[in-house]
Amino acid sequence: MAYSKDVMRKAKARLDAMRADRQSQQEQRLHSAYMQLPRLREIDMLLRQTMANAARAAFQQSEDAHALMEKARQENQALQREREALLAANFPENYLMEGPVCESCGGLGYIGAEMCHCLQALCREEQRNLLTLLACGTASFRDFRLDYYPDAVDPKYGASPRQVMARTYDYCRKYAASFAPDSGSLLFVGGTGLGKTMLSACIATEVTEKGYAVSYESAGHLFSKLEKNHFNRTDETAAAVAEIENADLLIIDDLGTEMAGNFVTAALYSLLNDRILAGKPTIISTNLNAQEIADRYSPQIASRLRGNFRQLTFVGEDIRLKRR
């Protein structure tokens, strides 16, 4: 999963804090237990001693080395049984929390070169927090209402807007539920207030929950980031652009609302072309039709969208006006 550096940094910091908190709690509880039961301290000291005796015996070449090791083993087991009995009689279960914050990786976040499930979960939470700040992290398919769309048949589509949008809604749900790095790209086309942003946000939320890195950008913010990195590159701008370029799913909302210009056209073509060649899914929502896209940007961009994106048409009446 191509999580951004910021998401990874925050997730690792949280895991480090969890590990430090657990160690601190373990030390405090162990100190309290020693104060309450001095015998527990003695047992722990004796356990360390028997382990040292066993280690020394293992390196001896004498005939009685095996006997010494067996004696150390039996003493160790007896002390462990006494320790367990003392803890069970005087404290709640798992009071000393003697295991690591994660049993799988020991709280390191990785098992070899693979990210552990504990760090993956924290990355998902940080990704979700980021989407929430963008006002799309709480979007849910459950909140999408088809009753806002007219149910009278529109001759242009041979179906009612509600029927058209029901198919669009079902496709988006299936896309999110089965999302994979090769899921393909979507183009949401339709007028203002027809649910394009809502459904793209729903997809972002669900894909994030599946553990994929999602970059959700309004067109204006997207091109602002690309422009800053192009003309005044810093580590910060480069990291922001890398997050966009490497995201498992890039969502560009409201394409066509940004300030038009040669830079925007060139940057959009480059971004789309690179993600298409890399096989990375992208979702674009726009109020523009195919001809308007060709006129505003270029025929090449319109061709890329037509040939590499599945178009979903949004129809009906402005839901925002209906809600008012």
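Predicted model: local features only at pLDDT ≥ 70, side-chain atom pairs only at ≥ 80, totals over all residues.
**Chat about helices and a sheet**

Visitor: What covers the buried residues of α11?

Guide: The cover includes β3 (185-190), α9, β6 (282-286), α10 (290-296) and β7. Here helices (H or I, at least four residues) and strands (E, at least two) are DSSP runs, numbered from the N terminus. Contact means heavy atoms within 4.5 Å. Buried is under 20% relative accessible area, exposed is over 50%, and partly exposed is in between (1.4 Å probe, protein chains only).

Visitor: Ok, back to α11. Which residues are buried in it?

Guide: Ile301, Ala302 and Leu305 are buried in α11, which covers residues 299-308. Looking down the axis of α11, those buried residues fall within an arc of 100°, so they line one face of the helix. That arc is taken from the directions from the helix axis to the C-beta atoms. The face turned away from the buried side of α11 carries the exposed residues Pro299 and Gly307.

Visitor: Why would residues three or four places apart point the same way?

Guide: An α-helix has 3.6 residues a turn, so residues with that spacing point the same way.

Visitor: Now the sheet. In what order do the strands come?

Guide: It's an open sheet of 5 strands, ordered β4-β5-β6-β3-β7, with parallel pairing. β4 (214-218) and β7 (309-314) are at the edges with a single partner strand each, so one side of each has no neighbour in the sheet. On average, neighbouring strands in this sheet are turned by 15° against each other, direction ignored. Two strands pair if DSSP finds at least two bridges between them.

Visitor: How many bridges join β4 to β5?

Guide: There are 5 bridges between β4 and β5 (residues 249-255), and the two run parallel. Tyr216 stands opposite Ile251 in β5. On to β6: β5 and β6 pair in the parallel sense over 4 bridges, and Leu255 stands opposite Thr286 in β6.

Visitor: How many residues of β5 are buried?

Guide: 6 of its 7 residues are buried, so β5 is largely enclosed by the rest of the structure. Asp254 also lies in β5, but Asp254 is partly exposed, at 28% relative accessible area. Its phi is near 60°, a positive value in a residue other than glycine.

Visitor: What lies across β4 and β5?

Guide: Helix α7 (residues 219-231) does, running at about 100° to β4. Axes are lines fitted to C-alpha atoms, for helices over the stretch in contact, and angles run from 0 to 180 degrees between N-to-C directions.

Visitor: And how do α7 and α9 cross?

Guide: Their axes come within 10 Å and cross at roughly 95°, so α7 and α9 are roughly perpendicular. As for the cut-offs, under 35 degrees is roughly parallel, over 145 roughly antiparallel, 65 to 115 roughly perpendicular and the rest oblique. From α7, the contact uses Leu222, Phe223, Leu226, Glu227, His230 and Phe231. From α9 it uses Phe263, Val264, Ala267, Leu268 and Leu271.

Visitor: What about Ala266, where does that sit?

Guide: Ala266 is in helix α9 and is partly exposed, with a relative accessible area of 48%. Ala266 and Leu226 are 40 residues apart in sequence and 11 Å apart in space, C-alpha to C-alpha.

Visitor: One more. Is Thr168 buried or exposed?

Guide: Thr168 counts as buried, at 5% relative accessibility. It's in helix α5 (residues 161-177). Leaving out residues up to four places away in sequence, Thr168 touches Leu199, Leu312, Thr313 and Phe314.

Key:
Residues numbered from 1 in each chain as written. Heavy atoms only, no water.
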